[in-house]
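These are notes for a colleague going through the model. The points below take up a pocket, a helix and several salt bridges in turn.

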Amino acid sequence: MSEEKLRELLLEADEAVDVPPDLEERVLGPRRGESDDEGAERPARSWRPLRWLRSWGSNGRLQPVFVAVAVGVVLLGAAFAGGVLSGRASRAPATSPGATAAPADLTVFNAERACQDLRTIECSIAVRSEPGKKTGVLVARVWHGDVVRAECVRGDGDQVADEAGVTSRRWYRVSVPGSRTAGWLPGVRTRNTREIPEC
Amino acid sequence: METEGEFDRLFCDLLPRLYRRAVLLVGEAWAEDAVHEAYLKLRRRPERLMEHPAPYAYAFAAMTSVVRDHWRAGRRQVLVPQPAEPPGNDGGIAAREGLLDAGRLLSMLPTRQAAAVLLVDLDGYTIDEAAEILGVHRGTISRGRARALEKLRGQVHRRAVR
């Protein structure tokens with residue numbers, strides 16, 4: 001094995017590198033000094049925040065500063081968010097379940113985004129006959145955006161998880177307008193914010 | 001302003017060659033960042049590049065320094081996974097096999113030794129010249145090349161076995 005072989009390999013590799021055609025622009029940003037016009041506006045230096053963050057983060061000398069700043073920002077953000085949330089919580093009017101409960105219209109919500117505009121069988125949500133049972137007989141199909149009338153709710157049904165990871169044991173007794181059918185709809189298939197009377 | 005324009009023009013002349021060396025030193029994914037950081041570093045004192053008798057060598061040394069500071073320190077011992085044996089219709093992998101091999105080979109060396117190998121065996125500098133460019137002892141260059149050759153032997157042997 002000779003040095004020739006090493007040179008050969010490096011030359012071969014060097015020739016295999018494709019230099020991107022717009023490399024100059026990407027590396028230098030808009031060219032400075034391209035024009036001799038004294039009055040020409042000086043193009044802005046290319047600004048790559050992520051690149052600078054990365055280089056700060058990987059620079060040994062600046063790393064402690066970078067970490068300290070990042071921790072500070074996170075703590076401030078958490079304190080602010082905590083304050084806002086606790087403020088909201090304290091300002092929110094207390095509600096006693098059932099106090100204002102009444103049958104209400106609910107909008108069906110399908111967490112599967114691709115299904116939200118489709119009215120296909122695959123994207124339908126089942127209204128079932130058995131109270132709180134996932135295995136109940138399908139009595140009607142509803143789709144994202146449909147409005148159903150919720151008469152009452154029970155909280156001891158089968159747990160259902162939607163595609164967004166929301167889980168609930170609540171099932172609504174609903175009637176489907178126009179079809180004269182009634183059945184049970186899992187709570188996770190709505191994003192209800194109103195109190196509904198218990199069944 | 002005129003100095004900046006001249007500096008940019010000079011850097012652009014060097015850029016393709018620097019970029020190709022950066023690909024060998026840090027890989028394609030990081031090469032652009034490496035030359036960009038080198039550009040920013042050199043631009044702080046443009047006259048140094050412009051007045052240097054060997055601008056390429058000076059820029060290469062700056063890029064090596066940037067690479068050493070930012071990229072290689074934590075990745076020196078990380079081996080690139082061995083790619084699968086290319087099939088007949090490899091979509092261009094075979095054509096780039098030399099590039100992969102060279103990159104793998106250089107990634108096994110400390111940055112300065114890898115840079116020294118490039119200067120001597122690709123750019124044709126003598127060992128003493130490369131040592132001066134990189135600001136290291138000539139023994140560092142010799143050791144780097146010796147290690148590179150050793151690794152290369154290993155690679156060729158493995159390929160022959162396959």
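1. Which helices of chain B each supply at least two residues of the lining of the second largest pocket? They are α2 (28-43), α4 (55-72) and α7 (127-134). The model is a predicted one, and the points that follow should be read with that in mind.

2. The volume of the second largest pocket comes to about 300 Å³. Its lining is made up of 15 residues. Those nearest the centre of the pocket are B:Lys41, B:Tyr58, B:Ala61, B:Ala62 and B:Ser65. With 7 residues, α4(B) provides the largest share of the lining. By residue class, the lining consists of 7 charged, 6 nonpolar and 2 polar residues.

3. Helix α2(B), one of the contributors to that pocket, has 16 residues. From the first C-alpha to the last, α2(B) reaches 23 Å, which is close to the 22 Å expected at 1.5 Å a residue. Is α2(B) largely enclosed or largely open? It is largely enclosed by the rest of the structure, because 12 of its 16 residues are buried. The buried residues of α2(B) include the charged side chains B:Glu32, B:Asp33, B:Glu37 and B:Arg43. Also among them are B:Ala31, B:Val35, B:His36, B:Tyr39 and B:Leu40.

4. How many salt bridges does a search of the whole structure find? Over all chains the number is 16. A network of salt bridges links A:Asp14 with B:Arg17, B:Arg20, B:Arg21 and B:Asp123, so residues of both chains take part in this network.

5. In chain A, A:Arg7 and A:Glu4 form a salt bridge, with N and O 3.4 Å apart. Both belong to helix α1 (residues 3-16) of chain A; they are separated by about one helical turn because they lie 3 residues apart there. A:Arg7 counts as partly exposed at 27% relative accessibility, and A:Glu4 also counts as partly exposed, at 49%.

6. A second pair in chain A is A:Arg119 and A:Asp146, a salt bridge whose closest N and O atoms are 2.9 Å apart. This pair links distant parts of the chain, its members being 27 residues apart. A:Arg119 is in the loop between β1 (104-107) and β2 (125-128) of chain A, and A:Asp146 is in the loop between β3 (138-142) and β4 (147-154).

7. A polar atom of the A:Asp146 side chain lies 2.9 Å from the backbone nitrogen of A:Trp143. The side chain of A:Asp146 is therefore placed both in a salt bridge with A:Arg119 and within the 3.5 Å limit for a polar contact with A:Trp143.

8. The side chains of A:Asp156 and A:Arg154 also meet in a salt bridge, at 2.9 Å from N to O. Of this pair, A:Asp156 counts as exposed at 52% relative accessibility, while A:Arg154 counts as partly exposed at 28%.

Technical notes: Residues numbered from 1 in each chain as written. Chains lettered and ligands numbered in written order. Predicted model: local features only at pLDDT ≥ 70, side-chain atom pairs only at ≥ 80, totals over all residues. Heavy atoms only, no water. 1 Å grid on protein atoms, 1.4 Å probe; cavity = no way out; pocket = protein on both sides within 12 Å on 5 of 7 lines; lining within 4 Å. Points joined across faces, edges and corners; volume = space filled by probe spheres on them. Helix = DSSP H or I, 4+ residues; strand = E, 2+ residues; numbered from the N terminus. Salt bridge = Lys/Arg side-chain N within 4 Å of Asp/Glu carboxyl O. Buried < 20%, exposed > 50% of the residue type's maximum accessible area, 1.4 Å probe, protein only. Expected span 1.5 Å × (residues − 1). Polar contact = N/O pair within 3.5 Å; in protein donor to acceptor, adjacent residues only side chain to side chain.
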